[in-house]
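My entries follow the structure.

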Amino acid sequence: NTVNFALNIDKDWEHFKLHFEQVHNNFFDNLKAKYPGLNSNDLKLCALLKLNLDTKEIATVMDISPESVKVARSRLRKKLQLDPSDNLSSFITQI
């Protein structure tokens, strides 16, 4: 069951990514070009932030706890080399 669930999440992500790219042209390509150290979970988080989802909504979509989302956001800030005073969501929205 766990394997099937994981496969469905990956399939859903590919569908989401396809539709997201149609609306936000080259978003993932631009992110990867500017920040090659981002992994797939970072890219998912960036996409969800671009959609202005809050922490609880992101946690639900990614099937993780809200606390894990906060940790992921913190790690993403470091990878994007943002100052603590910079707003992560605003930064992502501008890309």
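I looked up H3 against H5 and found them packed at an angle of about 100 degrees, with axes 11 Å apart. Axes here are lines fitted to C-alpha atoms, for helices over the stretch in contact, and angles run from 0 to 180 degrees between N-to-C directions. H3 is therefore roughly perpendicular to H5 (under 35 degrees counts as roughly parallel, over 145 as roughly antiparallel, 65 to 115 as roughly perpendicular, the rest as oblique). On the H3 side I listed Asp42, Leu45, Cys46 and Leu49, and on the H5 side Ala72, Arg73, Leu76 and Lys79; contact means heavy atoms within 4.5 Å. By class, this contact has five nonpolar, no polar and three charged residues. For the classes, Ala, Val, Leu, Ile, Met, Phe, Trp, Tyr, Cys and Pro are nonpolar, Asp, Glu, Lys and Arg are charged, and the others, Gly among them, are polar.

I note that the model is predicted, that local features need pLDDT of at least 70 and side-chain atom pairs 80 or more, and that totals for chains, interfaces and linings use all residues. Residues are numbered from 1 along each chain as its sequence is written, and side-chain values use heavy atoms, with hydrogens and water left out. Helices (H or I, at least four residues) and strands (E, at least two) are DSSP runs, numbered from the N terminus.

Next I searched the whole structure for salt bridges and got one (a side-chain nitrogen of Lys or Arg within 4 Å of a carboxyl oxygen of Asp or Glu). Which side chains meet in the salt bridge? They are those of Asp42 and Lys79, at 2.6 Å, N to O. Asp42 is in H3 and Lys79 in H5, so the pair ties together parts 37 residues apart in sequence. Asp42 counts as buried because its relative accessibility is 8%, while Lys79, at 34%, counts as partly exposed. The cut-offs are under 20% relative accessible area for buried, over 50% for exposed, and partly exposed in between (1.4 Å probe, protein chains only).

I then checked Lys44, also placed in H3 (residues 40–50). Lys44 counts as buried, at 15% relative accessibility. Leaving aside neighbours within four places in sequence, Lys44 is in contact with Trp13 and Met62. From Lys44 to Phe28 I read 9.4 Å, C-alpha to C-alpha, for a separation of 16 residues in sequence.

I turned to H4 (residues 55–62) and H5 (residues 66–79), whose axes come within 8 Å and cross at roughly 100 degrees. H4 and H5 are therefore roughly perpendicular to each other. Thr55, Ile58 and Ala59 of H4 meet Pro66, Val69 and Lys70 of H5. The residues of this contact divide into four nonpolar, one polar and one charged.

For H5 itself I noted 14 residues and a reach of 20 Å from first C-alpha to last, close to the 20 Å expected at 1.5 Å a residue; the expected span is 1.5 Å times one less than the number of residues.

Last, I looked at backbone phi. Most residues other than glycine have a negative phi. Asp63, in the loop between H4 and H5, has a positive phi of about 60 degrees although it is not a glycine. Just after H5, Gln81 takes a positive phi of about 55 degrees. Gln81 sits in the loop between H5 and H6 (88–93) and counts as exposed, at 69% relative accessibility.
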